[in-house]
Amino acid sequence: MKRSEINKIIKNMERLIKKEGYKLPPFCNWSVSEWNAKGKEYQEIKDNMLGWDITDFGLNNFKETGFALITLRNGNQKDEKYTKPYAEKLLMLEDGQKAPMHFHWNKMEDIINRGGGNVFIIVYNSTLEEGLGTDDVRVLSDGREYYVPAGTRIKLTPGMSITIYQGLYHAFEAEKGTGAVLLGEVSMCNDDTSDNRFYEPIGRFPDIEEDEEPYRLLCNEYPEALG
């Protein structure tokens with residue numbers, strides 16, 4: 001991805017967040033020079049990958065398949081220094097945009113439509129061989145438990161949520177024509193290095209073509225001064 005594209009996506013998400021009435025922690029707004037002035041007291045941000053995360057999953061077509069997200073808080077099961085058992089994110093899908101099919105071995109999460117457009121969550125059970133199951137899928141959504149056929153597209157309008165339990169394949173698709181959607185994620189600790197099982201092999205963090213200066217640093221770009 002070009003840095004100019006990443007900068008534009010971040011600014012679009014900032015506008016959506018402001019429109020929907022959310023406030024971000026201070027570190028989400030720091031410039032590169034402000035990051036370079038920070039010391040070890042902010043090590044938690046780097047160690048737990050808090051902050052901005054823009055990905056096209058290595059497919060080079062962000063408009064069709066991609067995610068913009070911010071990790072607001074996160075624990076770390078690999079480091080006893082960080083004892084939080086939970087994480088929280090904000091995510092943005094642009095109108096008609098998709099995110100690929102995947103599940104988590106360890107993390108359970110609630111996906112919440114925080115505002116903007118509508119989103120479809122496509123669900124499948126995983127098999128023992130980590131394929132897509134054909135049996136009915138158990139759905140937990142806003143206090144309701146029910147079953148749907150494999151591959152059902154569950155529509156979340158603003159305010160609605162769905163629980164994604166371990167081993168549940170899920171993909172995202174913003175309903176075309178309803179605008180960008182702002183999603184919330186409340187979950188157990190998040191570990192993008194070892195807890196994502198994508199159905200089809202894809203990348204996670206993009207290769208970046210530096211065609212302009214970064215507007216915000218991404219969560220895998222923080223300066224070495226932090227550790």
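In the predicted model, Arg 3 is buried, with a relative accessibility of 2%. Its side chain forms a salt bridge with Glu 210, in which the closest N and O atoms are 2.7 Å apart. Because Arg 3 belongs to helix α1 and Glu 210 to the segment after β13 (197-198), this pair ties together parts that are 207 residues apart in sequence. Salt bridges with shared partners join Arg 3, Glu 210 and Glu 221 into one network.

In total, 12 salt bridges are found in the whole structure. Among them is the pair Arg 216 and Glu 14, with a distance of 3.1 Å between the closest N and O atoms. Arg 216 lies in the segment after β13 and Glu 14 in helix α1, so parts that are 202 residues apart in sequence are tied together. Both Arg 216 and Glu 14 are buried. A further salt bridge joins Glu 44 and Lys 84, at 3.3 Å between the closest N and O atoms. Here helix α3 (residues 43-47), which holds Glu 44, is linked to the loop between β2 and β3, which holds Lys 84; the two residues are 40 apart. Glu 44 is partly exposed, at 29% relative accessibility, and Lys 84 is partly exposed with a relative accessible area of 29%.

The largest nonpolar core contains 27 residues, of which Met 13, Leu 24, Trp 52, Ile 54 and Ile 70 touch the most other members. At least two residues each come from α1 (3-19), β1 (51-55), β2 (67-74) and β3 (86-93), and α1 supplies the largest share, six residues. Beyond its neighbours within four places in sequence, Ile 54 is in contact with residues including Met 1, Ile 10, Phe 62, Pro 206 and Leu 218. A second, separate core has 25 residues, including Val 119, Val 137, Leu 156 and Ala 174.

Methods
Residues numbered from 1 in each chain as written. Predicted model: local features only at pLDDT ≥ 70, side-chain atom pairs only at ≥ 80, totals over all residues. Heavy atoms only, no water. Core = buried A, V, L, I, M, F, W, Y, C linked by side-chain atoms within 4.5 Å. Buried < 20%, exposed > 50% of the residue type's maximum accessible area, 1.4 Å probe, protein only. Helix = DSSP H or I, 4+ residues; strand = E, 2+ residues; numbered from the N terminus. Contact = heavy atoms within 4.5 Å. Salt bridge = Lys/Arg side-chain N within 4 Å of Asp/Glu carboxyl O.
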